[in-house]
Amino acid sequence: MNQITLFEMDTTSLDYTTDRDGKKGKPPSWYNYKRCENCERWMRLDKSEQPPAGHGIIGYCMEWKAKCDKISFCGSWEDIRKVKE
């Protein structure tokens, strides 16, 4: 009997996003799962450093050493769900 592990499953349907106050919610259908918010190299900035509500969420990319929006993407993206070895 073949079994599938959690890390082999397509779990993009379990995707969520967070707002300025840190509340989780279902992302809009146009959000790609492969976005900075779901990258292991991205860190969300403190609420005091965020733009006004409704103007996105800003974080810091440790790969590129720059601020970027949570829905940005780069070729160095690595899934936060990946197994650490």
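**View A. Y33 and W77 are both buried.** Buried is under 20% relative accessible area, exposed over 50%, partly exposed in between (1.4 Å probe, protein chains only). The model is predicted: local features need pLDDT of at least 70, side-chain atom pairs count only at pLDDT 80 or more, and totals for chains, interfaces and linings use all residues. Residues are numbered from 1 along each chain as its sequence is written, and side-chain values use heavy atoms, with hydrogens and water left out.

How many aromatic pairs does a search of the whole structure find? The search finds 2 (ring centres within 6.5 Å, taking the six-membered ring of Trp; planes under 30 degrees apart are stacked, over 60 edge-to-face, the rest tilted). One joins W30 and Y31: the ring centres are 4.8 Å apart and the planes stand at 75°, so this pair is edge-to-face. W30 has a relative accessible area of 61%, so W30 is exposed. Y31 has 18% relative accessibility and therefore counts as buried. Y33 and W77 also make an edge-to-face pair, with 5.9 Å from centre to centre and 85° between the planes. This pair links distant parts of the chain, 44 residues apart. Y33 sits in the loop between β2 (24-25) and β3, and W77 in the segment after β5.

**View B. Y33 and W77 belong to the largest nonpolar core.** A nonpolar core is a set of buried Ala, Val, Leu, Ile, Met, Phe, Trp, Tyr and Cys residues joined through side-chain atoms within 4.5 Å. This core has 8 residues. Besides Y33 and W77, the members are C36, C39, W42, I57, C61 and C68. Which residues does C68 touch, neighbours within four places in sequence aside? C68 is in contact (heavy atoms within 4.5 Å) with C36, W42, I57, I58, G59 and C61. Of these contacts, C36, W42, I57 and C61 are listed as core members too.

**View C. The largest cavity is lined by residues that include W42, C61 and W77.** A cavity is a set of points on a 1 Å grid where a 1.4 Å probe fits but cannot get out; lining residues have an atom within 4 Å of a point. The structure holds 1 cavity of 30 Å³ or more. The largest cavity has a volume of about 70 Å³. The lining also takes in C36, C39, R41, E63, C74 and S76.

**View D. Strand β4 pairs with β3 and with β5.** Strands are DSSP runs of E, at least two residues long, and helices runs of H or I, at least four. Strands pair at two bridges or more. β4 spans residues 58-61. β3 (residues 42-44) and β4 run antiparallel over 3 bridges. W42 has C61 as its bridge partner in β4. On the β5 side (residues 66-69), the pairing is again antiparallel, over 4 bridges. I58 has D69 as its bridge partner in β5. G59 stands opposite C68 there. Which face of β4 is covered? The covered face carries G59 and C61. I58 and Y60 are on the uncovered face.

**View E. β4 and β5 form a hairpin.** There are 4 residues between the two strands. K65 lies in this loop. Its phi is near 55°, a positive value in a residue other than glycine. K65 is exposed, with a relative accessible area of 58%.

**View F. G56 lies in the loop between β3 and β4.** Is G56 buried, exposed or partly exposed? G56 has 28% relative accessibility, so G56 counts as partly exposed. G56 and D69 are 13 residues apart along the chain, and their C-alpha atoms are separated by 6.6 Å. Aside from neighbours within four places in sequence, G56 contacts Q50, P51 and D69.

**View G. The protein chain has 0 helices and 5 strands.** The elements run β-β-β-β-β from the N terminus on. Of the 85 residues, 29% count as buried. Among contacts with a separation of 6 or more, 46% join residues 24 or more positions apart.

Technical notes
On a 1 Å grid over the protein atoms alone, a cavity is a set of points where a 1.4 Å probe fits but cannot get out, and a pocket is an open set with protein on both sides within 12 Å along at least five of seven lines; lining residues have an atom within 4 Å of a point. Grid points are joined across faces, edges and corners, and a volume is the space filled by probe spheres set on the points.
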